[in-house]
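Please keep the viewer open as you read.

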Amino acid sequence: MQPSTASNPLDILIVGAGFSGMYLLHRLRNLRFNVRVVEAAPDVGGTWWHNRYPGLRCDVESLEYQYSWSPELRREWRWSERFSAQPEILAYAKFVADKLDLRRDIQFNARVERAVWNDDTHTWSVSLSDGSSATARHVVFATGALATPRMPDIPGVENYKGRIVHTGEWPMDGVDFTGISVGLIGTGSSGLQVAPQIAKQAKKLHIFQRSPAYSIPARNRALSEEDYTRFFDNIDEFDSLAMAQKGGIVVANPTLGVQDVSPEERERMLGERWADGGAFTFLSTFKDVQMNETSNQLVADFVRERIRETVADPALAEKLCPKYLIATRRTCVDIGYYEMFNRDNVELVDVSENKISAFTEAGVRLASGREYALDAIVLATGYDAMTGALLAVDVVGRDGLTAKTAWENGPRNLLGLMIAGFPNMFTVTGPGSPSVLANVIRAIEHHVDWLSNCFDYLRRENIACIEADEHAQDAWVQHVNQLADRTLFPRTPSWYIGADIPGKPKVFMPYAGGEHADRVAQNGYEGFRLTREKSVASA
Ligand code: N01
């Protein structure tokens, strides 16, 4: 482990040992930087370490949801299924950590609680939950976009006497639902994945649905030798397809709009993708689903028809049909979610109007006064997305500016990488970058490569301090908003715009465009203020 003191600071401290932190550590060590990672969990994996509810799978295909930068890693690791389950993804993270011998530079079981910028020494002082501290010239928050579980705004949770678990903090030893009555609150990606697993065990599963979500069947299957042969034979084309798509997904860019084809042709094309499975490929059938309302409704109608075909009870099917514009929230990928409603032990409780008003000793009460007795409650109520993990740390930048104050009206930064007023501090795949709209592994690789090249440049040029310029940041935030406003995204309340958390500023957080960051780097990091070493006081 690299030591650090105020007089001998680390070059870079990385917060988080998920896929961002792991790759960044590897790149920076190869560049011979003095670098350390701090991780709150006892091992690598980040989100995939904390999220371990039954049924959890990635909604990006396994061959795409792996590091692409190392041919060796791709050759040596074998995925067993088209959409990997969490245990296999976590095993992959551990395999990478072993292979690259990463753990020797990772401090586990230590959460960063405070990070304070010192303008005289151009360093960050970082305090950790285990009582230790570190000093570093640069800090990188590789803390993930969906890492801070969100409790629902329902009062009385302390009164409930049964077992209550959040999908984002699933117990290590699992939860046995055999023969009991379970309540599930939340029907986003997590709720749709965990529900069919609970239904297999529980005596009764009550699903409390405030808003139905769109979900595309995974059509998961084992990966065969032929799949792998095809993958390796076409790997260059595979990578160039991914890079050509702003979402980083291996699918040809669509050329047709939904209304460019006849209704029969539209049904045929959508039907083919539906039969193939997976949300990214389905939503890429046409080019204008997220841009044109009529086109969007036609695709949404297609999905609603499939729900009606699958769910035997027509009134229940209608309740499961989402009304919002498709793909303006993260579209789910499921295995047997709609089919599950044909079981006798599953009941949908519509809480869109008749809201859950309180937790009680025995379960939950609705606004109507009706009570549900539940032996266990599963909260699939999501995350304080994109900003939660950073704002959970007491980050103090130049002149005492805190991250909470800087972002009190919503996240503002340059390229999703750096916040004005916080010199030498970066975020990986932060708000203002494509991150959650893309295959996040590709987004991570892009940011990590950018950061590694940036650190190398700063060292070569003897630059002690890099900082986002306020005006460049304003222009970037404006650009992110303008692009979002050209899409249908802002029309739907979602975690993309912080709509799910009372009091959270309502700003569309991800960047709905391609990458600009490379051009910025080629232009000598325009929009960033660079200060050379000689103007820094010695520590
Ligand atoms: O969380 P969510 P998630 N009463 O925020 C409901 C990624 N992910 O954990 O829609 C009743 O999407 C809320 O209702 P509403 C993926 O990017 C990926 O499922 O606000 N209900 C909603 O239904 C995903 O988008 C994978 O009306 C309440 C749910 O809770 C993101 O993580 C797997 C409520 C929250 O849905 C988050 O997904 C899992 C209340 N008081 C997650 N409060 C894969 O790769 C909240 N809700 C597959």
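The paragraphs below begin with the overall fold and then turn to salt bridges.

A word on conventions before we start. This is a predicted model, in which local features need pLDDT of at least 70 and side-chain atom pairs count only at pLDDT 80 or more, while totals for chains, interfaces and linings use all residues. Residues are numbered from 1 along each chain as its sequence is written, and side-chain values use heavy atoms, with hydrogens and water left out.

The protein chain holds 17 helices and 20 strands (DSSP runs numbered from the N terminus, with helices being H or I of at least four residues and strands being E of at least two). Its radius of gyration is 24 Å, close to the 24 Å that the globule rule gives for 539 residues, so the chain is as compact as a globular protein of that length. Here the radius is taken over C-alpha atoms, and the rule is 2.2 Å times the number of residues to the power 0.38. Along the principal axes, the C-alpha trace spans about 75 × 55 × 45 Å.

How much of the chain is buried? Of the 539 residues, 57% count as such, where buried means under 20% relative accessible area, exposed over 50%, and partly exposed in between (1.4 Å probe, protein chains only). Among contacts (heavy atoms within 4.5 Å) between residues at least 6 apart in sequence, 71% join residues at least 24 apart.

Now to the charged side chains. Side chains of opposite charge can pair when their charged atoms come close. The count comes to 34 salt bridges, each being a side-chain nitrogen of Lys or Arg within 4 Å of a carboxyl oxygen of Asp or Glu.

Take aspartate 105 and arginine 29, whose closest N and O atoms are 2.8 Å apart in their salt bridge. This pair links distant parts of the chain, 76 residues apart: arginine 29 sits in helix α1 (residues 19-30), and aspartate 105 in the loop between α4 (86-99) and β3 (106-107). Aspartate 105 is buried at 3% relative accessible area, and arginine 29 is buried at 16%.

Finally, glutamate 467 forms a salt bridge with arginine 398, with the closest N and O atoms 2.2 Å apart. Glutamate 467 lies in strand β19 (residues 463-468) and arginine 398 in the loop between β17 (394-396) and α14 (403-406), so the pair ties together parts 69 residues apart in sequence. Glutamate 467 is buried, at 5% relative accessibility. Shared partners join Asp119, Arg398, Glu467, Asp469 and Arg529 into one salt-bridge network.
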